[in-house]
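Reader: I'm new to this one. Please walk me through it, a step at a time.

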Amino acid sequence: MGEVAKDLAAGTVGGAAQLIVGHPFDTIKVKLQSQPAPLPGQLPKYAGAMDAVKQTIAAEGLGGLYKGAGVAVSFLACPTELIKCRLQAQSALADVSSSGGGVKYSGPMDVAKHVLRSEGGMKGLFKGLAPTFAREVPGNAAMFGVYEGVKQLIAGGQDTSQLGRGSMVVAGGVAGASFWCMVYPTDVVKSVIQVDDYKNPKFFGSIDAFKKILKSEGVKGLYKGFGPAMARSVPANAACFLAYEVTRSSLG
């Protein structure tokens, strides 16, 4: 097997491990990010991460924690994120939906069809592209840099080939945490833009979304869902990097 094929196989296994471990946390993160700020005197839809978990399971079963996987992950990054966020956030937005609440989308393809038909065609699928780039480029640079740096720190040098699985788990977990510490406010901006109403938008671009969140909710508004994001990122990326390294090693 060629080197590229080995990397692709190992990357696929690593990605699957990350998805299985981390996706429920990601669903809760998006629900918390996208829920509207409560009106004066009212409580938010979700009191916190555990409340969001309980409400999601009660209303949608365990499958509700895995909304947005499957077909959606075969798309490119920005359309994938948009589809995933729409599916994950629809229950959080149901109470304020112009359609009167309820399930808006039946699945990933339904989201794609709706956006293509009613929200500007292909352009609609790339809504939130700027904050997606602003998240992915520095976030992944930090994550992979930290991963290699932690491995070398543990190994005491540049040769990390003899590290055990425990060390890889630690390095992967720290790397995942570094990703969100670097770019979390950008991810919040991306999520609110991608679930924003097309006909009656609240936000007119990334900068406008950033300013409005900061004005209405303060700095803490830019960190809604940060707990679930970190709870997801550490085990999910630890599983991802470990699965990649073990698979790659087993292929020679």
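Author: Let's get one term out of the way: a residue is buried with under 20% relative accessible area, exposed with over 50%, and partly exposed in between (1.4 Å probe, protein chains only). This is a predicted model, where local features need pLDDT of at least 70 and side-chain atom pairs count only at pLDDT 80 or more, while totals for chains, interfaces and linings use all residues. Residues are numbered from 1 along each chain as its sequence is written, and side-chain values use heavy atoms, with hydrogens and water left out.

Reader: Is S34 buried or exposed?

Author: S34 belongs to helix α1 (residues 3-34). Its relative accessibility is 7%, so S34 counts as buried.

Reader: How many helices are there in the chain?

Author: Helices (H or I, at least four residues) and strands (E, at least two) are DSSP runs, numbered from the N terminus. Going along the sequence you get α-α-α-α-α-α-α-α-α. The chain has zero strands, and its helices number nine.

Reader: How much of the chain is buried?

Author: The chain has 252 residues, and the buried share of them is 44%.

Reader: What span do the end C-alpha atoms of helix α2 have?

Author: The expected span of a helix is 1.5 Å times one less than its number of residues. Helix α2 (residues 49-60) has twelve residues, so 16 Å is what you'd expect. Just after α2, G61 takes a positive phi of about 75°. As for the helix itself, the end C-alpha atoms agree with the expectation: they are 16 Å apart.

Reader: Where does α7 bend?

Author: Helix α7 (residues 165-194) would span 44 Å if its 30 residues ran straight, but its end C-alpha atoms span only 38 Å. The bend at a residue is the angle between axes fitted to the seven residues ending there and the seven starting there. In α7 that angle is about 70°, and P185, a proline, follows within four residues of the bend, which is at V183.

Reader: How many residues of α7 are buried?

Author: This helix is mostly covered. Out of its 30 residues, the buried ones number 22.

Reader: How many disulfides does the structure hold?

Author: A disulfide is a pair of cysteine sulfur atoms within 2.5 Å. C85 counts as buried because its relative accessibility is 0%, and C240 counts as buried too, at 16%. The number of disulfides is zero.

Reader: How much accessible area does the nonpolar patch have?

Author: Patches are made of residues with over 30% relative accessible area and no salt bridge; like charges are joined within 9 Å, nonpolar side chains (Val, Leu, Ile, Met, Phe, Trp, Tyr) within 5 Å. Areas come from the Shrake-Rupley method with a 1.4 Å probe, and for residues only the protein chains shown count as cover. Helix α6 (residues 129-155) gives the largest share of the patch, three residues. Together L116, M122, F126, L129, F133 and V137 have about 550 Å².

Reader: Is M122 buried or exposed?

Author: M122 sits in helix α5 (residues 122-125). Its relative accessible area is 52%, so M122 is exposed.

Reader: How many salt bridges does a search of the whole structure find?

Author: Side chains of opposite charge can pair when their charged atoms come close. A salt bridge here is a side-chain nitrogen of Lys or Arg within 4 Å of a carboxyl oxygen of Asp or Glu. The search of the whole structure finds twelve.

Reader: How far apart are the closest N and O atoms of E245 and K151?

Author: K151 is buried, at 7%, and E245 is buried as well, at 18%. The two form a salt bridge, with their closest N and O atoms separated by 3.0 Å.

Reader: How many residues apart in sequence are the parts that this pair ties together?

Author: E245 lies in helix α9 (residues 226-250) and K151 in helix α6, so the separation in sequence is 94 residues.
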